[in-house]
Amino acid sequence: MQLLDGKLLSQKIQQQIADEIILRKNAGKKTPHLAAILVGDDGASQTYVNSKVKSCDKAGMESSLLKFESSISESELLNEVYKLNESKEVDGFIVQLPLPKHINAEKIVNAISPLKDIDGFHPVNVGNMVKNLPCFVSATPYGILLLLEEYKIQTEGKHCVVIGRSDIVGKPMSILMSRNAYPGNCTVTLAHSKTKNLSEICLQADILVAALGKPEFVKKEMVKSDAVVIDVGITRLNDASKKNGFRLVGDVDFENVAGKCSYITPVPGGVGPMTIAALMKNTMRAVEQSIK
Ligand SMILES: NC(=O)c1ccc[n+]([C@@H]2O[C@H](COP(=O)([O-])OP(=O)(O)OC[C@H]3O[C@@H](n4cnc5c(N)ncnc54)[C@H](OP(=O)(O)O)[C@@H]3O)[C@@H](O)[C@H]2O)c1
């Protein structure tokens, strides 16, 4: 079994981006600028946004973190999105999800300019991704593609099973793996909570992507020998032995599954850091687009 080391690859990509930014600065070109909107005080969301912003700063990007109380109204939040759409400074931005219940997240996402939608959530970007046209690809699936590429994982003709059909992970992942491209050219099965015989389906997977948000759901008995296992899940479980009071657990029972795989992503240190690297790559693309 070999680990798909997302932490290491993410560091490598971030270093490449940092080098590129120095070249841009030396050439008098615009420094890429990422902005993030954070609503409310959800601990996990705060951690994710902070690490995205910190990584951008470290690479020499400009970054802005716009924090709002959870009482912000939908129309006030829409106004903030419009301001960022118009901003000459900001090249790309994200709105950290989930949003408070009184705000329609779809309405907010659809208000983001597709040219600044570095999370790749806007229908225009989703549509272009489906058609294999230039677009921002949703950062988590994009990060997984980068990882598969780095480790030269063969995907053509393989059976890829994706568990979870969310708009941000499972659905785009299934489409990307079925594209006539590398990584891709898989025969894809997209499973969800209504799927019957899930264990049997998973057992047929050459590449198994677990993105359902249920800690250690994927057991050894569900995994084919020598499969490639991608664990997207991140759940915080209370753990008094940890300084911060919790530990991060993936959707795969890593301890028992790892020995059976050819490759597997750890949690933490797998897909999570790759999401950040992919987001930064999208921001680099956004600054080029904004110049054009
Ligand atoms: N590493 C990263 O950077 C990153 C990024 C994003 C998300 N995540 C993590 O990835 C996980 C999934 O996130 P998400 O936003 O995609 O989740 P989500 O929106 O909650 O979607 C979960 C999906 O899993 C399916 N599902 C739930 N229980 C299932 C079961 N028992 N069997 C089969 N399918 C089941 C659901 O099916 P239905 O559609 O039928 O309800 C749904 O499609 C979470 O742990 C999240 O924290 C990690």
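Predicted model: local features only at pLDDT ≥ 70, side-chain atom pairs only at ≥ 80, totals over all residues.
Pro268 sits in the loop between strand E11 (263-264) and helix H10 (271-291), where helices (H or I, at least four residues) and strands (E, at least two) are DSSP runs numbered from the N terminus. Residues are numbered from 1 along each chain as its sequence is written, and side-chain values use heavy atoms, with hydrogens and water left out.

**Backbone geometry**
- Most residues other than glycine have a negative phi, and most peptide bonds are trans.
- Tyr182 and Pro183 are joined by a cis peptide bond with omega of about -10 degrees, and Pro183 lies in the loop between H7 and E6.
- Asn132, in the loop between H5 and H6, has a positive phi of about 60 degrees although it is not a glycine.
- Asn132 counts as partly exposed at 40% relative accessibility (buried is under 20% relative accessible area, exposed over 50%, partly exposed in between; 1.4 Å probe, protein chains only).
- Lys152, also not a glycine, has a positive phi of about 50 degrees; Lys152 is in the loop between H6 and E5 and counts as exposed at 63%.

- Ser138 is in the loop between H5 and H6 and is buried, with a relative accessible area of 3%.
- A polar side-chain atom of Ser138 lies 2.8 Å from the backbone oxygen of Ile168.
- Leaving aside residues up to four places away in sequence, Ser138 touches Asp119, Gly120, Phe121, Ile168 and Pro172 (contact means heavy atoms within 4.5 Å).
- Pro172 is also among the buried residues of helix H7 (residues 170-178), with Gly170, Met173, Ser174, Leu176 and Met177.
- The buried residues of H7 pack against helices H5 (123-130) and H6 (139-150) and strands E5 (159-163), E6 (187-191) and E7 (207-210).

**Ligand surroundings**
- The ligand is surrounded by 21 residues, the closest being Arg165, Ser166, Ser193, Ile234 and Thr275 (a heavy atom within 4 Å).
- A backbone N or O atom of His192 lies 3.4 Å from a nitrogen atom of the ligand.

Technical notes:
Polar contact = N/O pair within 3.5 Å; in protein donor to acceptor, adjacent residues only side chain to side chain.
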